[in-house]
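Here is a protein chain to go through in questions and answers. Each answer sets a value against its cut-off.

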Amino acid sequence: MALVLLIGAATLQPSSRAMAASEGGAAAQSGQHATLKPAASTTPDIPFSDYDPQAEQQLLDLANKSRAQVGMSPLTLDAGLSQAARAHAEAMFAAHQLSHQFDGEPSLPQRLGNATHSTLDREGENVALDIDAADGHKHLMLSPPHRANLLNPAYNVIGLGVVRSGARLYIVQDFGHALPNYSASEVKDRIAATVARARHQAGQPDLIRRDLSTADDAACSMAHADKLGTAPVHQLAQHYTVLTYTSVHPETLPADAGRVLASHNLKSFSVGTCYARTETYPTGVYWVVLSLE
């Protein structure tokens, strides 16, 4: 009889990004635990540093084959996510448990954010125990929450970790939606274009774009403090109307920005940005200061 043990898949929706004066972020789902008895096998457990790259590659091929069958684009293997998946597979192997988070282990967004260079706006994870990669994929596809992760059209990257323990495989699949990596100037251009659209929609003339030498410093002060209201921002607010926000999509302005940008009294604007990974945003976010005059 085939051995299969799955645990409820963890799926994190796009994080709630702080807008204007609010802050927030998605919290990882608490991991369930499934305790396993040692395998009845004469094959000793392999060292923690040993993985099964062949099984990992097979799981990737099977996942993309299943996605192709339903018209989904393939997942790209992300080295950082694979590093995180292997570390978690190793932790499950050591604990003889399946879990999305062990005591003392970082949450899923933190684990992925610490490992990958990509900016992710959503994350998910499948964990399982099975006898080989083919059966592991088959059983994951038969489980609705695990199948949903594997076929989620929003995911475009994956990390895979497989540790063999005797006749069993500890399997971890870490999913994410990786965003483009923009340069600082590209981010500012995208925000400026959104400001221009907002002015046109309000029937107001274009604003003159200026560069404030303190704008980027103010944005980075928020990142360093992991909050929107900092002393440099308050200093800017003494001279300008200031909007501050965080987003993985920096061109998406806060909900109240349209009303502010529609003012006929405005003449110019400046943009300050800073990309950073923080405790609140472990997978990375843009911190933005929009100063209006």
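Q: What is Leu290 in contact with, leaving aside its neighbours within four places in sequence?
A: Leu290 is in contact with Ile191, Val195, Thr241, Val242, Leu243, Phe269, Ser270 and Val271. Contact means heavy atoms within 4.5 Å. This is a predicted model: local features need pLDDT of at least 70, side-chain atom pairs count only at pLDDT 80 or more, and totals for chains, interfaces and linings use all residues. Residues are numbered from 1 along each chain as its sequence is written, and side-chain values use heavy atoms, with hydrogens and water left out.

Q: Which residues touch the most other members of the largest nonpolar core?
A: This core has 19 residues, and Ile191, Val195, Leu261, Phe269, Leu290 and Leu292 touch the most other members. A nonpolar core is a set of buried Ala, Val, Leu, Ile, Met, Phe, Trp, Tyr and Cys residues joined through side-chain atoms within 4.5 Å. Two or more residues each come from α6 (184-201), β9, α9 (257-261), β10 (268-276) and β11 (285-292). Helix α6 gives the largest share, five residues. A second, separate core has 18 residues, including Ala133, Tyr155, Leu160 and Leu169.

Q: Why is Thr246 called buried?
A: Buried means under 20% relative accessible area (exposed is over 50%, partly exposed in between; 1.4 Å probe, protein chains only). Thr246 has 0%, so Thr246 is buried. Thr246 lies in strand β9, residues 241-247. Helices (H or I, at least four residues) and strands (E, at least two) are DSSP runs, numbered from the N terminus.

Q: What makes the pairing of Thr246 and Tyr281 a polar contact?
A: A polar contact is a pair of N or O atoms within 3.5 Å; within protein, one must be able to donate a hydrogen and the other to accept it, and residues adjacent in sequence count only if both atoms are side-chain atoms. The side chains of Thr246 and Tyr281 make such a contact at 2.9 Å.

Q: Why does Phe93 count as buried?
A: Phe93 has 4% relative accessibility, so Phe93 counts as buried. Phe93 sits in helix α2. Ile171 is 78 residues away in sequence, yet the two C-alpha atoms are 9.6 Å apart.

Q: Is Ser99 buried or exposed?
A: Ser99 has a relative accessible area of 0%, so Ser99 is buried. Ser99 is in the loop between β4 (97-98) and α3. A polar atom of the Ser99 side chain lies 3.0 Å from the backbone oxygen of Gln101.

Q: Why is helix α3 described as largely enclosed by the rest of the structure?
A: Six of the eight residues of α3 (residues 108-115) are buried, so α3 is largely enclosed. The buried residues are Leu108, Pro109, Arg111, Leu112, Gly113 and Ala115.

Q: Why are α2 and α3 called oblique to each other?
A: Helix α2 (residues 79-95) and α3 pack at about 130°, with their axes 7 Å apart. Axes are lines fitted to C-alpha atoms, for helices over the stretch in contact, and angles run from 0 to 180 degrees between N-to-C directions. Angles under 35 degrees count as roughly parallel, over 145 as roughly antiparallel, 65 to 115 as roughly perpendicular and the rest as oblique. Therefore α2 and α3 are oblique.

Q: Which residues of α2 and α3 meet?
A: Gly80, Leu81, Gln83, Ala84 and His88 in α2 meet Arg111, Leu112 and Ala115 in α3.
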